[in-house]
Amino acid sequence: MAAPRCSRCACLLLVFIYSLYVVVISEEPTPGNEQHASVVENPQTAAETEKQPTEERRWEATQVDETVPDDAAANKQDLPVPDSVLTSTPPLKDEFQEELVIRPLHSGDIYASFQFRTVWETDFTRGSKVSHYRLFPKSLGQVISKFSVRELHISFTQGYWRTMQWGQPYLPSPPGAELWVWFQDTVTDVDATWKELTNVLSGIFCASLNFIDSTNTVEPSASFKPLGIANGTDHRFLRYATLPREIVCTENLTPWKKLLPCGSKAGLAVLLKSEKLFHSSFHSQAVHIRPVCQDEPCKATSLELRQTLNVVFDLHASGQGKREWSLFKMFSRTLTEACPLASSSKIYIDVTDNPEEDQFELSPATHLLSQAVVLGDRRTFSVYDLTQQVTFGTVRSLNVLIRWKSTEGDMLRPLLHAERYVAGYGLQTGEIHTLMYNNHPFRSFPVLLLDSVPWYLRLYVHTLTVTSKGKDNKPSYIHYQPSKDRMRPHLLEMLVQLPPHSVTEVTVQFERALLKWTEYTPDPNHGFYVGSSVVSALVPSTVAMNTNITKEQPLFSTFFPTKEESSYFIRVYTEPLLVNLPTPDFSMPYNVICLTCTVVAVGYGSLYNLLTRSFQVEEPNPGLAKRIANVIRRMRGVPPL
């Protein structure tokens with residue numbers, strides 16, 4: 001009976017499976033049935049589906065055809081547009097350029113200046129939010145958008161630029177850290193925004209910018225005008241601060257290189273090796289952000305990011321011993337390719353003083369020459385275009401070599417030079433001397449001097465004197481903002497006319513304040529740093545300056561805007577000051593603590609011993625004869641004496 005029962009169960013299972021299969025097949029709709037069902041359920045959607053291919057073809061035609069009559073354009077605007085076309089926005093255009101300028105100096109040193117420029121066709125001033133970043137670094141874009149920054153200029157410098165030995169730099173910067181920012185006029189609380197911005201930039205560049213506060217921040221009224229497009233120059237939206245004691249190291253260079261589109265993997269950035277850059281006489285890296293015009297009519301604006309790095313290699317400190325330079329000797333690397341994202345990548349070698357190759361020899365030779373007006377002088381450069389494969393030759397490597405032939409030749413003295421020092425004796429009063437040199441033989445020009453002095457140096461403004469050639473030189477403009485203790489520094493701005501071939505001296509006396517013991521640095525006897533003075537001027541030019549900036553001009557000649565053909569703008573920084581303040585003897589608390597602890601330990605220890613020690617009467621020790629007798633008595637079994 002078990003076998004028929006099992007066969008009956010198997011037959012029932014097969015019938016059930018077959019019926020289930022038939023039901024599934026009958027419920028599966030065919031393409032025609034599905035379309036028919038959708039038409040029955042929603043006839044309006046079906047009609048739109050039938051018209052959609054025709055409407056898409058018409059929309060594509062409107063994008064290509066630009067000469068469409070007004071009536072036809074009006075009819076086409078009534079047509080529905082697919083969602084994919086509505087959501088797609090044209091990407092913002094951006095462009096990246098890189099260049100390296102090498103200028104042999106008459107002292108045997110060599111000056112190398114890197115310029116990396118990213119231009120982005122966007123305008124943050126209108127409150128537009130951008131979420132897609134291609135070449136422009138997103139970290140800086142978010143900072144500009146969040147804090148409503150119109151212009152941002154920040155630099156980190158190690159060393160001091162020796163103007164009388166090296167001439168004028170392409171981009172000047174003071175020793176330490178410098179930051180000045182123009183905010184948009186929509187910012188309500190500039191001080192709070194400035195404080196938060198410095199903290200964010202401190203994290204981005206791994207620097208001590210968080211130490212910037214109200215005690216070292218000023219609002220210049222005339223010295224730092226916007227370098228880009230500016231609708232207004234209300235100095236209430238300007239903040240300027242310096243940290244002259246900031247030390248520049250590899251931790252500052254690494255985030256700076258990460259802002260480049262190619263990083264340090266390709267292009268000119270492969271030469272930025274920290275071991276070589278910091279083994280130099282002068283090193284400065286900077287970031288400049290400003291709005292610029294897209295075209296000559298300036299109907300639209302773009303955002304420009306310019307990253308610069310200037311370095312001077314010393315002949316004797318490098319250990320070479322002979323006047324011969326190359327890319328490999330300077331940076332320990334050679335170039336193999338340009339940055340793939342760069343539209344222009346060039347190397348400029350200044351050969352103005354070497355027209356017939358009697359001063360130095362350049363190898364490999366190049367037939368490309370370029371002329372540019374830089375710092376009021378027309379200079380000639382040999383150009384190496386890295387976007388052309390011919391530049392690298394058959395070895396696929398470029399190592400530019402400069403071999404000096406003669407040590408003769410005089411350097412043109414810079415037309416404007418400034419220096420500063422502290423005079424006086426003792427730790428109570430002193431005097432600050434600022435010297436400004438006008439080396440032009442027959443032209444005088446005005447300069448704008450800015451001095452920011454910490455609050456603990458109390459200036460006596462009534463002692464301010466300005467003399468030129470032994471005579472008083474009255475400034476035509478003076479702006480002075482007195483300091484407040486532990487709140488804000490002194491700010492002194494003045495417009496002075498420098499006579500031709502003269503030295504103008506500005507002196508002011510000060511008194512040193514006594515700080516609280518918690519306000520001193522860990523090494524107070526080293527002294528306190530005072531930031532550099534800033535001298536801004538329009539210097540007469542020997543050649544006609546270019547007032548219109550074009551894309552063909554090198555980057556190093558287009559940073560400062562030029563409005564007149566007869567003069568060019570220049571900014572000069574003096575040395576920072578190191579001032580000693582009255583410093584208490586910080587070892588006295590240590591001596592007092594040691595003496596007090598010693599007295600307490602001796603007195604308390606003696607008293608504690610007297611109170612806690614137990615005294616017992618100890619019997620005198622028996623003599624030798626008595627001890628021998630007791631030993632004998634024990635041997636005999638007799639009690640001891």
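# Cavities, strands and backbone angles

Mentor: The lining of the second largest cavity holds 10 nonpolar, 4 polar and 1 charged residues. This is a predicted model: local features need pLDDT of at least 70, side-chain atom pairs count only at pLDDT 80 or more, and totals for chains, interfaces and linings use all residues. Residues are numbered from 1 along each chain as its sequence is written, and side-chain values use heavy atoms, with hydrogens and water left out.

Trainee: What makes a residue count as nonpolar, polar or charged?

Mentor: Ala, Val, Leu, Ile, Met, Phe, Trp, Tyr, Cys and Pro are nonpolar; Asp, Glu, Lys and Arg are charged; the others, Gly among them, are polar. The second largest cavity has about 130 Å³ of space. It has 15 lining residues, and Trp161, Pro169, Pro172, Ser173 and Tyr573 are the closest to its centre.

Trainee: Why is a space called a cavity and not a pocket?

Mentor: The test is escape. On a 1 Å grid over the protein atoms alone, a cavity is a set of points where a 1.4 Å probe fits but cannot get out. A pocket is an open set, with protein on both sides within 12 Å along at least five of seven lines. Lining residues have an atom within 4 Å of a point. Grid points are joined across faces, edges and corners, and a volume is the space filled by probe spheres set on the points. The structure holds 7 cavities of 30 Å³ or more.

Trainee: How do you know where the largest cavity lies relative to domain 1 and domain 2?

Mentor: Look at its lining. Domain 1 (95–404) and domain 2 (416–579) both give residues, so the largest cavity lies between them. Those bounds come from an automatic or database domain assignment. The largest cavity has about 160 Å³ of space. It is lined by 20 residues, with Pro172, Ser173, Glu178, His288 and Tyr573 nearest its centre. S7 gives the largest share, 4 residues.

Trainee: Which domains line the second largest pocket?

Mentor: At least three residues come from each of domain 1 and domain 2. The volume of the second largest pocket is about 970 Å³. Among its 36 lining residues, Phe211, Asn216, Leu243, Tyr456 and Tyr529 are the closest to the centre. S6 gives the most, with 4 residues.

Trainee: What makes S15 and S19 edge strands?

Mentor: Start with the sheet. It is open, has 5 strands in the order S15-S16-S22-S18-S19, and pairs antiparallel. Strand S15 (416–423) and strand S19 (471–472) each have a single partner strand, so one side of each lacks a neighbour in the sheet. Strands (E, at least two residues) and helices (H or I, at least four) are DSSP runs, numbered from the N terminus.

Trainee: How do you know that S18 and S19 pair?

Mentor: Two strands pair if DSSP finds at least two bridges between them. S18 (457–468) and S19 have 2 bridges, in the antiparallel sense. Ser468 stands opposite Lys471 in S19.

Trainee: Which residues form the covered face of S11?

Mentor: Phe360 and Leu362 do, while Glu361 and Ser363 form the uncovered face. In a regular strand the side chains alternate between the two faces of the sheet. S11 also pairs antiparallel with S14 (401–404) over 4 bridges, and Phe360 stands opposite Trp404 there.

Trainee: What makes the Ser363–Pro364 bond cis?

Mentor: Its omega is about 0 degrees. Pro364 is in the loop between S11 and strand S12 (369–374). Most residues other than glycine have a negative phi, and most peptide bonds are trans.

Methods: Buried means under 20% relative accessible area, exposed over 50%, partly exposed in between (1.4 Å probe, protein chains only).
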